[in-house]
Amino acid sequence: MLDKSALQQLKQLKSDLKESKPTFDGTVVGSHGRFGFVALDSGDRLFLVPDEMARVFPGDRVRVTTEPSAKKQDNAVLEELLSSDLKTFCGIYVVKGDTHFVQPDLARFSNRLLFVPPKERGELSAGDLVRCSVLRHPFKNGKAQAGIIKRIGCPGDAGVEERFMLEKYNYQPQWSSAVQQQLEGITPDRVRALGASRSDVTATPFVTIDSAFTQDMDDALWAEASEDGWNLWVAIADPDALIEPGSALDTEAAQRATSVYLPGFGIPMLPPALSRELCSLREGVDRLALLCRLRLGSDGAILDHSFESVNMRSHAKLSYDRVSELFIDGNETGLEASVVASLNALRDATRALNQHRQRNALLFEDRPDYHLQLDENKRCIGIRRVDRTPAHLVVEEAMVAANRCAAECIARAGVDGVFVVHPGFRPDRHEGLRQLLKQELPHLETLDLAAPTAFKTLVDAVSASGVPLRPLISKMLARSTFERRAAPHSGMGLEQYTTFTSPIRKYNDLVVHRQIKALLAGQTPAELSDDALQAWQQQHQRARSASNELEHWYMCLYISQQEPAAEYTATVVQVHSGGLNLRLDALGVEGQVDLRKARKKYSFDPLLQVLSAGAERYQLGDALKVRVNRCALEECKLYFEPVVETQAEA
């Protein structure tokens, strides 16, 4: 038996060995399994075995040491929990015998259950949707505990899906008393007084083009033919004129950062008194605007541009469908002659802009929108596909052109802006992309994949060769970021880019307005912080996630109510070793085909992302006919199966 001195020496030896072992800081990353990873600050990645993963949450900041592994990655050994941002979350209440849990609705949490102590349970039932708090972090012993903050409802309750999403993302539609008090001083008389001191362009027949139900209209257009091309004017609503920087309203708008558009419901960045009334470019009333005047060449090149604060008036509120009727059928009913002339000029000017971008930059891939029809109980009773029309092209090209001018204005001045920067291909995909080029486009094998022009070069080459690789290489792109200084947007093939055309809906656009207006006034624009830009971008990502999740939830419920034998045409949007991800063409609903237990043995080509078994072959972009195999509503997932044509049908 060791005496007390020997035990102390052994303890000290273990402590010395631990202190001598190098440690690394990083962030925990979850997975779809019980394991996880630690993304080190150095850029490396370590594996977390299930027992270690049980002691942390995704997103936790940890300090780790390493131990060898038989796999490619070394294992991470948890040494210290540095911080954990997970304080509250939403989830599903789970009862197993006498033990109660909550299953958090969090990305990459792998159906993990957190124990709910008896005193926290209240009158809850299995399947209830709840908002919770973390009572005990699992770092010490792998046993976390959760407390119940509130019961949101249960599946089947009217509107429970929307309430759950508002709780999950902590969206508060209400406005503070300080904001409401500030609004009392923003009146139509104040708008008129400010407008009187600006250039008056109210006689110019601007029009707004949007969906028929839009009320927060922040852009209006006018165009005319010129000797060498067209004059295009893009008027953008000017809420900055009514919102003092640093005020309660400005602070609230900055925190929200963006309007949130959920199916059947919206949470505006600015109060409706501004976003739908005094700032919205409503038909027939004078409004404050920041005007971008563009002079276009006959080939669609932007020859010159300028900005000015103006007082303007929309002469018509038009829907995409109404404008398309004019363009396609020549229907001029109810439209003033000056409006018709401007719309026809807008069609020609933006068509030239589009063709110029196609030759010199990159165009967005055409994708339809899908509008959900909800009843009075917030149940989805229909899904309408909305394809792009000629009117959509007019608005898109005018906005892109005006945004390019805004980016050039700020970049030329060498001041801070909110530039949308796209770095091109993800560095971790370079090796795989290089192998793909060697196999399919060998003349581009030595292409500099880090160059800003690499994506455009590949898109042009793919288009010329006819090889269907664009969906594949597009999946290798990095995400765009907000940056204070100009840099290329590789995804659009532009030297620099920003957005300023939605200041009612996006705070970063409002900030760009302020920077441009400061330059127009001969003042030095404000210095911006990287932290602020990152916070705005995170809010944009949260808004997209909330909208997409709620829309998918409604869609899953809708599909579950359809005829089980119904067949759908779908497009393959992702291929992996275990099956396919699909999107239904007519409805926009996404789901998967699980082939892991199929009788056939499928082989997967990770380079081309092709799954095959004999003559059966699946790849990105393939069109398939499918039917629903299973609706897993508790997971909000849909599973499809391919429809196999019989010989008679073929």
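The model is predicted, so local features need pLDDT of at least 70 and side-chain atom pairs count only at pLDDT 80 or more, while totals for chains, interfaces and linings use all residues. Residues are numbered from 1 along each chain as its sequence is written, and side-chain values use heavy atoms, with hydrogens and water left out.

**Nonpolar cores**

- A nonpolar core is a set of buried Ala, Val, Leu, Ile, Met, Phe, Trp, Tyr and Cys residues joined through side-chain atoms within 4.5 Å; buried means under 20% relative accessible area, exposed over 50% and partly exposed in between, with a 1.4 Å probe and protein chains only.
- The largest nonpolar core comprises 90 residues, and L274 and L343 have the most contacts inside it.
- Helix α10 (residues 390-413) gives the most to this core, with 13 residues; helices (H or I, at least four residues) and strands (E, at least two) are DSSP runs numbered from the N terminus.
- Leaving aside neighbours within four places in sequence, L274 is in contact (heavy atoms within 4.5 Å) with L183, I186, L242, I243, L249, C279 and S280.

**Cavity and pocket**

- On a 1 Å grid over the protein atoms alone, a cavity is a set of points where a 1.4 Å probe fits but cannot get out, and a pocket is an open set with protein on both sides within 12 Å along at least five of seven lines; lining residues have an atom within 4 Å of a point.
- Grid points are joined across faces, edges and corners, and a volume is the space filled by probe spheres set on the points.
- The whole structure holds 1 cavity of 30 Å³ or more; the largest cavity has a volume of about 40 Å³.
- The largest cavity is lined by A237, D238, P239, L242, L278, C279, R287 and L288.
- The second largest pocket has a volume of about 370 Å³; its lining has 18 residues, of which V593, L595, F640, E641 and P642 lie nearest its centre.
- Strands β25 (590-594), β28 (616-619), β29 (623-632) and β30 (637-642) are the elements that give two or more residues to that pocket's lining.

**Cysteines**

- The count is 0 disulfides, a disulfide being a pair of cysteine sulfur atoms within 2.5 Å.
- The sulfur of C90 is 7.2 Å from its closest cysteine sulfur, in C132, which is too far for a bond.
- C90 counts as buried at 2% relative accessibility, and C132 counts as buried at 0%.
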